[in-house]
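Student: Please show me the model, and then we can go through it by question and answer.

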Amino acid sequence: MPLPFLLPAFTLSALVFLAPFVWLAGTSLRVQAEGSLLLSDGVSLSNYRRLFADPFFLEVLLRTLLYSVGTTLISLLIALPVARFLVTRAGRMKGILLALMLVPLVSGALLPSLGMLHLMGPLGVVNGAARLLGLPTVKLLGTPTGILIGLVQSFLPLMVLPLVNTFARLPLDLEQAAASLGAPALAVWRRVILPLAMPGIVAGAVLVFCAAFTSFVTPQILGQGHIATFGTVAYQQAGQVLDWPFASALAVLALVMIGLLQAAVSIGSRLARRREVRP
Amino acid sequence: MKDYLHIDEVAKRFGDTEVLKGISLTIGKGDFVALLGPSGCGKSTLLKIISGLETETAGRIRLAGEWLAGVPAFRRDIGVVFQSYALFPHLSVAENVRFGLDMRHMGRAEAEARVQEALDLVKLDNLGDRMPHQLSGGQQQRVAIARALAIRPRLLLLDEPLSNLDAILRKSVRVDLRELHDRAGTTTVMVTHDQEEAMSMADRVAVMHDGAIEQWGSPEDIYERPANAFIGTFVGSPPASLITARRHLSGGWRIGDTAWTPETTLADRLDGIRNLEVTLGVRAERIDLVAPDAPGAFVAELTSSEYLGGGRLLHFAIHGQRIAVAHAGSVPNPGEVVGLRPRSDDVMLFDVNTGLRIDDR
């Protein structure tokens with residue numbers, strides 16, 4: 001397509017995505033004047049120095065990474081059989097089930113989190129049922145477990161959708177061929193389905209990881225303010241402490257980490273593809 | 001071992017549709033058998049049931065003395081070559097062939113020797129490092145066969161093995177596959193809708209139609225003594241032509257409105273069956289062009305002719321019925337009326353209503 005026709009799209013992208021990011025990156029290099037909300041003159045890396053020097057922020061970073069990896073792995077474990085079922089067994093129900101899967105995604109982060117609040121609270125459904133059955137109650141709100149459950153619940157569709165897509169394109173013949181060659185179900189999964197579904201798994205993992213890493217509402221509500229993650233700390237800094245430069249530095253760090261992850265994935269998959277076309 | 005594979009009253013229904021109506025078949029060790037039939041006749045379903053990839057609704061199957069009911073596909077030791085070949089796209093040719101050996105936890109050296117042997121057998125010994133998508137269709141098929149044979153299966157199943165190959169390759173692969181079978185000696189069941197494939201490759205052919213076996217015999221049997229008119233017109237190229245003849249009150253026969261006096265041998269056969277009407281099945285190469293008034297001939301009008309290299313295939317019309325004749329001599333002009341005389345011993349007689357063959361020659 002000739003360049004002039006692409007110009008409006010380029011301009012819009014530049015204005016909406018690039019400009020704020022540049023502004024964000026610029027802000028992260030500034031510092032607030034002592035006792036003031038105004039930015040002092042000059043640029044420095046002091047925000048970043050503070051980020052890496054303060055053990056609190058390193059802990060937050062580490063914790064957020066842990067939650068994101070955990071969310072990704074748990075989502076993958078749940079999504080594999082679910083996506084598989086949707087593709088091979090659901091039949092006419094597939095459309096309805098997929099639509100139901102999408103509900104948490106399209107209803108925003110807030111509503112599902114409030115729902116989870118009712119499920120997991122001390123007087124919520126889970127503990128109510130446990131009490132009725134005479135079982136010990138569990139503290140979920142304000143604990144890592146609660147946040148993890150909430151994150152998985154929010155971002156599971158991001159894993160299921162790409163997997164449904166990949167599974168739908170896997171010919172059934174391949175699995176039958178593997179079975180006829182002596183592969184039990186587990187070996188069929190390990191040797192045939194999973195390797196061939198790898199593009200879908202990677203896509204889903206990247207989506208869930210990024211969503212979990214940058215999530216704010218879920219850890220804020222389900223963490224009850226007891227657990228600091230990247231999202232909640234950035235919100236605190238920008239919305240409550242009003243230290244915009246430092247919040248910007250946090251945001252830039254998150255973006256850089258996500259960028260590094262994407263780069264690693266794309267290099268990895270390019271290497272994998274090279275293996276397939278070797279002479 | 002005469003009853004190496006024994007299929008006993010195997011039936012399959014999907015909901016209300018009866019795909020297989022109680023199939024029984026006994027196949028000897030080392031045989032090459034074809035299941036031949038039009039699409040939808042249930043032949044592929046039968047193949048899937050034998051391999052364990054589909055479960056029968058009723059009946060049972062015995063392979064090498066072992067009843068297979070409840071034995072999952074991965075424990076049956078039955079090699080399957082799929083119509084799509086189903087090669088694992090993420091594995092090299094050698095890794096594909098190795099797959100079944102890995103599943104059997106075979107040692108490295110032994111497995112490598114077995115892979116080499118299988119690739120040698122299909123003459124692909126130098127392509128082990130290639131990926132499937134780098135191979136031609138014919139090569140992919142041979143990889144699929146090598147992969148199935150590498151596990152030294154008790155039975156080899158081929159699902160429409162030639163349908164994804166181009167016409168030229170098909171003829172040579174037909175010969176290759178048969179030679180491969182003779183070398184490897186594996187009992188083989190092939191599913192095909194192509195009668196030429198079935199007749200040229202198999203020792204025995206099961207002709208299937210509507211979920212049942214209509215005839216089970218050697219290719220010669222099926223060609224010479226088809227069980228019914230459907231098979232008569234389904235096998236052989238060109239297929240047999242069918243003509244209806246009616247007995248006349250005054251003796252003799254009529255085809256349409258034309259009187260016809262068959263030769264004595266044929267007349268005796270026709271008299272033996274007492275039907276008032278009969279369907280004659282006539283093979284194109286077993287009917288002669290003669291003068292219109294020659295004894296035993298009926299008259300027909302030439303409508304068109306095809307040049308086939310070795311001779312011609314002439315198409316005649318006789319009162320709205322069509323008949324094909326293979327002919328090597330001089331060709332009459334279109335529209336010309338000639339005499340056609342079927343060879344008395346080779347005419348097949350079928351019941352007009354049921355289509356069943358009504359005399360044994």
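**Chain B, then chain A**

Student: What should I know about the source and the numbering?

Tutor: This is a predicted model, in which local features need pLDDT of at least 70 and side-chain atom pairs count only at pLDDT 80 or more, while totals for chains, interfaces and linings use all residues. Residues are numbered from 1 along each chain as its sequence is written, and chains are lettered from A and ligands numbered from 1 in the order in which they are written.

Student: How many helices and strands does chain B have?

Tutor: Helices (H or I, at least four residues) and strands (E, at least two) are DSSP runs, numbered from the N terminus. On that basis the secondary structure of chain B comes to nine helices and 20 strands.

Student: Which residues of α5(A) are buried, and which helices do they pack against?

Tutor: Buried means 20 or more other C-beta atoms within 10 Å of the residue's own, exposed 12 or fewer, and partly exposed in between, with C-beta atoms placed from the backbone. In helix α5 (residues 110–120) of chain A, the buried residues are A:Ser113, A:Met116 and A:Met120. They lie on the same side of α5(A) because they cover an arc of only 55° around the axis, taken from the directions from the helix axis to the C-beta atoms. The buried residues of α5(A) pack against α6 (125–132), α7 (144–168) and α10 (217–222) of chain A.

Student: Are α7(A) and α9(A) roughly parallel or roughly antiparallel?

Tutor: Axes are lines fitted to C-alpha atoms, for helices over the stretch in contact, and angles run from 0 to 180 degrees between N-to-C directions. The axes of α7(A) and α9(A) come within 8 Å and cross at roughly 160°. Angles under 35 degrees count as roughly parallel, over 145 as roughly antiparallel, 65 to 115 as roughly perpendicular and the rest as oblique. α7(A) and α9(A) are therefore roughly antiparallel.

Student: Which helix supplies the largest share of the side of chain A that touches chain B?

Tutor: The contact takes 18 residues from chain A and 19 residues from chain B. On chain A, α8 (172–180) and α9 (185–213) each supply at least two residues. The largest share, seven residues, comes from α8(A).

Conventions:
Contact = placed C-beta atoms within 7 Å.
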